[in-house]
Structures are given as C-alpha cells and as structure tokens.
Amino acid sequence: METQRRAATVRKPVVLTIAGSDSGGGAGIQADLKTMEALGTFGTSVVTSVTAQNTVGVESTHPVPVPEIEAQIDAVLSDFDVRAVKTGMLGTRAVVEAITERATDMSIPLVVDPVMVAASGDRLLEPAAEAAYEELIAESTLVTPNADEAAVLTGMEPEGEETAREAGERLVELGAEAALVKGGHVPGDRIRDVLVFAGGEETRVFDHPRVDTDATHGSGCTLSSAIAARLARGAALEDAVRDGISLLERAVRYPLDVGSGPGPVHHLVGIRERASRHPTAEAVEGIVDSLVEMDARPLVPEVGTNVVGATPFAEAPAETAAVEGRIARTRSGVRPNRGVRFGASSHVARFLLSAREHDPDLRFAANLRFDDGVESALSALEGAVEIDRSTEPAPDVEGSTMGWAAGRAFDRADGTPTAVFDRGDVGKEAMTRLLASDPETLVGQLRTVLEELDNGGANS
Ligand SMILES: Cc1ncc(COP(=O)(O)OP(=O)(O)O)c(N)n1
Ligand SMILES: Cc1nc(C(=O)O)sc1CCOP(=O)(O)O
C-alpha cells in the first residue's frame, strides 16, 4: 500500500500590514505583501481603504467602515502570532483613531508610515486626520515620514541633514521610539535618510546616491514593510532600517516597466537577484569552455583572463560570477585555474558594474591581451574604443580605477562600446575588455577577435 506523503511544514514569522489596497499592484497592501513574503515572512493584511489606482494616478478611494477594519484586526490577531505590524494608508481620522486605540494594547514592534499623498500627487489622507497622527506616532517603534509628511507632522521643513534631524527629534518627543526622516523628496544627487532615536542614542545618517527615475511608486510602502519584516525576524531597529534602505535602493534601481505612468519599484528584486545566480554562473562556465575549446592562448594577457557574468540585478562584485584565479595560458592551450565563484573578480567585475551604470543591459565581460595584432583584429568588432590610462585619476574608495575607465569609454563611444582597450602605463599591462549583454554575443566577439588574429587581420 502506498504511504501518504507527509507535509513538510514551514515556519515563518507573521507580519501584519494595515493599509489601503492599490488596484495597480505597486503600492499599498499589494506592495506590502510582496515585500514581506520576499523577506521570508508571512504577510497578513487589514484593508483600510480600497483605491481605484494605477501608475498614472488615483481615480477614487473608498474607505472601509471602521467596524469592518476592527473585525479584520481581530481575525488576524486572534489566530496568528503576529511579530510586527506596519501601518500605511489610513485615510480618515476615524481610522487613525481606531488603529491608535488598538496599538495601545499591542506589545509588538509597530512601524508607522504616515501616508498622506501618493507619488502621483493625489491625497490619501483627509486633512482632518493629520493631527490625529500624533497619538499613533506616540505608540510607534518607528515612524517613517518623507520630508513632506515630516513637515506636516512637525511644522519643520526637513531640507537637509540637520533639519531632518530636528524633525526626527520632534517626532521622538511625540513618543516614537525612533524616527526615520527620509530624504528622497529633498532635491540633490545624494539621498540622506536620517534615523533619530529616543533616549539620546546617536543619530544615524544613511547616505546613498539618487537613482535618476520617477518610477518610485510604492517606495515608502516597500521600505516600511521591509523594516517591519526584518523586525519580525528579530533584527535590531538600526539593522532593520539599514537592510530596508538597501533593499529599496535596488528596488528603485530596477523598477518595473508596467502601466503607462511611472512604474512601481521592484518589490521582489532581492529574490530575483539570488534566483538568477545559478544560471549566471552556468553562463560563465559556458564561456570559459568556449575559450578552452577555441584555444584562446593569443588572447590571454600576462595577468590572465577573467570572464565575468553579472546577474540582471547585480550591484556589487559579490553578485558577479567569475573564474577564481583567472584563466591562464598553458603549453597546450588555456586553462581556468579554479572554478567559477561569485565574487572571484575585482577588476573586470568593477569594470562591468560601472559599465552597467551606463547600459544596465550589459551582463558579461572578459579581459584580453592588447597588442598591435589585437588592435587590428578589434576593428572587426563595431564599437571598440581606446582609453588613455596615463590620464586616470587616483583609485576610488574601493581602490579601483575601473569606474573611471568605464565612464571614459562611454564618453568616447557612440553608444555602448563592444570593446575597450588601453596601451597600458607604468606598472599596468596594456589590456582589452569585451562587453556583452549575453553569453552568446561575448563568445562571438571572442571568436571574431581570435579568427582575425589567426588571419593576421586580413578580414578587417
Ligand atoms: C493604497 C496606497 N497606499 C500608499 C500609497 C503611497 O504610495 P506611493 O504613491 O508610491 O508613495 P510612496 O510609496 O512613495 O509613499 C498609495 N499610492 N496607495
Ligand atoms: C589585473 C587586471 N586589470 C584589468 C583591467 O581591465 O585593467 S583586468 C585584470 C585581470 C583580471 O582581474 P580580476 O580577476 O580582478 O577581474
């Protein structure tokens, strides 16, 4: 007799979002649940308002009656072991007051995102409810206003780090354990999010570059949900905020192209990045096999060749796969010194990541030898450009000049360069770097350059 399969039950911390529904799927309850699930928690929800909304704007909002909101809260809290709560769009003064009353009985972390106006400019909170927020903030573990919301709540205009700190201090005076005054609505190339604690603990400033996009729909919801999820998993508040900001940075850098207006942030970008690691490593292995099979000895420089693959959402060398110990020439061909591993490249990885700042479709790169023969072979590739490393600046904070090299190449190229070469400098071997958006293109480029070299450049 066949035995019945046993279920392998999975335990997850439960998080609760009390927020509005966004029919467009980018903000509100929909953003919250996606973010919570992506961070390994189980999301439950209390809908406060139903909005008819898309990427262009909010058509209408329909507040859920307070007794129905309370029934949802009861249903969730009476059954689940909820480890953290976040609030988003509450809509009306009656709802803010009802949630405040329930919050006074809760002994779990509460993150209050005081949603007032949608990114589209539509109001999501009746003006009469603004003052009622003071009492909800007093119950919160963390309140996460943007500059405009902080101004309404404190009467102070956060225009920079110092004024954001003052607004945060005012919010903790109201009773919040901490306040994160977000800098995204303050103009400038860099964003400074300021985290102020009650009790005199030192203020933290999270400084990061702005991504040039208006596709930020759902960013506040995603951040506050990520922080609540991390708190539910037991993280300290500062760590939860740091992780949430770092998740949001990536979610904003890779927004979703859906709808005709500014798209939402990519709530699931973290798990998509991890899911694409295995296929990326396999693609790099395939390129390495091709180099071995085509006997690429004439292409390998003294320092060795590395082949690098970035996941579609890579932001750091640790998110790029490369050959540990590079590929070396042997008497009979070329050989990878060790296997393919994430984080195994510094130079080519940084070059590729910097190139992706100019063309995010680029995924693969390899460094090759440069000499007169390679120079003439490169003319068979459209879009090879030269950079002069004798003019390069001092290394950046990570000790690399690869960011400069990629930037210089894009300045010089007409579009995306296929190959970037330099003639070397004191202590620096002359080098060629190939760039491609898929492994087949990179292998094709390698084959072309090798064949041109074999022919002595006769086809170019
Ligand atoms: C139902 C609902 N809740 C919240 C918002 C706010 O989201 P958004 O417009 O993207 O603004 P921020 O996330 O940047 O605060 C909404 N639009 N709908
Ligand atoms: C030493 C060196 N310099 C390169 C350049 O492009 O200037 S490529 C290279 C070798 C590959 O390095 P990695 O394994 O760190 O990617």
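**Exercise 1.** How many bridges join strand S11 (residues 320–323) to S14, and how do the two strands run?

*Solution.* Start with the ground rules: this is a predicted model, where local features need pLDDT of at least 70, side-chain atom pairs count only at pLDDT 80 or more, and totals for chains, interfaces and linings use all residues. Residues are numbered from 1 along each chain as its sequence is written, while chains are lettered from A and ligands numbered from 1 in the order in which they are written.

Strands (E, at least two residues) and helices (H or I, at least four) are DSSP runs numbered from the N terminus, and strands pair if DSSP finds at least two bridges between them. Here, three bridges link S11 and S14, and the strands are antiparallel. Along the way, Val323 sits opposite Val340 in S14.

**Exercise 2.** Work out which helix supplies the largest share of the shell around ligand 2.

*Solution.* A residue is near a molecule if its C-beta atom, placed from the backbone, lies within 6 Å of it. The residues around ligand 2 include His347, Val348, Ala349 and Phe351. H11 (347–358) and S18 (431–436) each supply at least two shell residues, but H11 takes the largest share, with four.
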